[in-house]
Structure formats: structure tokens, C-alpha cells
Amino acid sequence: MTTATLASNKKECEKNDSSNWLEEQNFSTTKSAIMLTASFNQDGGCLALGTQDGFEIFNLSPFQSSVKRELGKSLGKVEMLFRCNLIALVGGGSNPYTPSHRVLIWDDHVHKAIGELSFRQVVLSIQLRRDAIAVALRDRVYIYHLSDLSLRDKIYTTDNPHGLLCLSTAVHQDMVLACPSVTDGHVRVELYGLRKTILLEAHESRLRALALTEDGTQLATASMKGTVIRVFQVSTSALLEEFRRGVERVNMTCLTWSWDHSHLA
């Protein structure tokens, strides 16, 4: 797909009221499909599901299905860009829509992919913001400009089987990215506005969960042990909080911040 096509669709996302695309959708309810993946959009107002037949997007308040696309094949990852018409898709399941090493940029206004990223490894996670798309593979992270999908950065990591990766999503602030470093238990944080790299010695064992606040000022971490959660001030690397859950190991699969940064789940 052409650079001009992707850039024009990104600009349309930025200038239009974000709710218009969802409000304009109409469809008749059909049979339920098996869910393969679920993710919230950046403001927590929508839930995107990847199913064995395509994808479906729900508005959370009021709760209702807003978009449903039956593609005839399954999706293992569906990531929204706020509430606009651009969605990142990766195939999954037994009958994938695309190979698991490819990311499609889907434009729901035209009901087709307008961009594609292809890799030599399986795509483990995707993060989107207005100006960038980041993709985590098993041992590295790629960051691209969203306007033309040109490569912005490549970061090598330690073995990262869960695709740990997070981006700040505040619209008018410079991007902050966090991912595992090349040392188990350590986090690499990129402050792109300051052109600065920060390395945090967060845990002694391998990382299991990471979460940035939407403005990128605080980072929460958990290890494979699951006994301690730590919160760091990104700009100073200072440890702000340490929550000890207990002494028994637990598989902590997710950390997430409330929109006002006052709560961590």
C-alpha cells in the first residue's frame, strides 16, 4: 500500500471526532464466534475481540456491540487506535486470517488492509499510539512511524516469550517505551523526546508484567515469581512503591493503571 494512503487515513483519525466511526456502524446480530483474544483501546472505552471468524468491537458505556467484521478466518491479535478506523490485526487460531509473523493495518472505512509489516518471527504483542506502532518479537522490539510505516527504532531484549511491551499514549506528549532489556529482570525505558535511555534493575528474576501510565511518568513491574510489584518514577529511576503480595509464587499475567494513575490493578 502507498505511503500517501496510510498517511491520509492517519490524519483522518486525528481530525475526526473519535466516536463517529463507531456510531456510524450498523449490523445485524449473527451467531456467536469463539473468542481468541481481547484487548481494550487506549482510553479504556472500547473492547476489541479477535474471534475464529474475524473481529468485534464493543463500546463499554453503554455496553453494546459497535462493529463486527466476519472475515471467514481467525484473528489472534486485534489492537485499536483509540476509537478511530485504523486497527492492527494478526492472524491466530487454527485457521488464521494472516500468518502470525505479519501485522496488517486495517482501515475499517474501506474494509481492507492498507498497510503491512512482516517479520521472521511470530508477533507476540502490538502497541499503538497516534504517531507510532511498536511490535514485540521473542528477542527484539521494532518501532515504526505510523504515518508511513518506516522504521524508527529497533531494540534487542532478553528472551521475551510473553511479548512484554508498553507505550505511553498521551496524545500531546513525547513517546515513552518500556520493554525488557538484555538482562533478565531489568527494564529498558526509552524517552524519545529527550533521546535518553534508562535501565532499571527492577527484579532478580525474569519479568512477567509491565505497565506504563498513559503519560509515561510511572512504570509498574512484576517478575515471574509474582511476589512483589514495584512502581518506578521513570524520569529519575526512583523506586516509588513496593507492594509485597505474599511469599508463594503466582503467575501474574497483567498490570494496568487507572486513567488518573491513582490505582494499579
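Visitor: Which residue in β12 stands opposite Y142?

Guide: This is a predicted model, in which local features need pLDDT of at least 70 and side-chain atom pairs count only at pLDDT 80 or more, while totals for chains, interfaces and linings use all residues. Residues are numbered from 1 along each chain as its sequence is written, and side-chain values use heavy atoms, with hydrogens and water left out. Strands are DSSP runs of E of at least two residues, numbered from the N terminus, and two of them pair if DSSP finds at least two bridges between them. Five bridges join β11 to the antiparallel strand β12 (residues 151–156), and there the residue opposite Y142 is K154.

Visitor: In the hairpin of β11 and β12, which residue takes a positive phi?

Guide: Five residues lie between the two strands of this hairpin. The one with a positive phi, near 60 degrees, is L149.

Visitor: What is the bridge partner of I133 in β11?

Guide: Strand β10 (residues 132–136) pairs with β11 in the antiparallel sense over five bridges, and a hairpin of three residues joins the two. Within this pairing, I133 has as its partner Y144.

Visitor: How many of the six residues of β11 are buried?

Guide: Buried means under 20% relative accessible area, exposed means over 50%, and partly exposed lies in between (1.4 Å probe, protein chains only). Strand β11 covers residues 140–145 and is mostly covered. Its buried residues number five.

Visitor: Which side chain of opposite charge is nearest to E79?

Guide: E79 is placed in strand β5 (residues 75–80). Leaving aside neighbours within four places in sequence, E79 has contacts (heavy atoms within 4.5 Å) with S39, I87, A88, I126 and L128. For charge, Lys and Arg count as positive and Asp and Glu as negative, with His and the chain ends not counted. E79 is buried yet has no salt bridge, and at 8.0 Å the nearest opposite charge belongs to K77.

Visitor: What residue does R83 meet in a salt bridge?

Guide: A salt bridge is a side-chain nitrogen of Lys or Arg within 4 Å of a carboxyl oxygen of Asp or Glu, and the whole structure has ten. R83 lies in the loop between β5 and β6 (86–91) and its partner in the loop between β1 (35–40) and β2 (46–51), so the pair ties together parts 40 residues apart in sequence. R83 is buried, at 16%. At 3.6 Å, N to O, the partner is D43.

Visitor: How far apart are the closest N and O atoms of R102 and E116?

Guide: R102 belongs to strand β7 (residues 102–107) and E116 to strand β8 (residues 112–118), 14 residues apart. R102 is partly exposed at 22%, and E116 is partly exposed at 39%. Their salt bridge has a closest N to O distance of 2.8 Å.

Definitions and conventions. Helix = DSSP H or I, 4+ residues; strand = E, 2+ residues; numbered from the N terminus.
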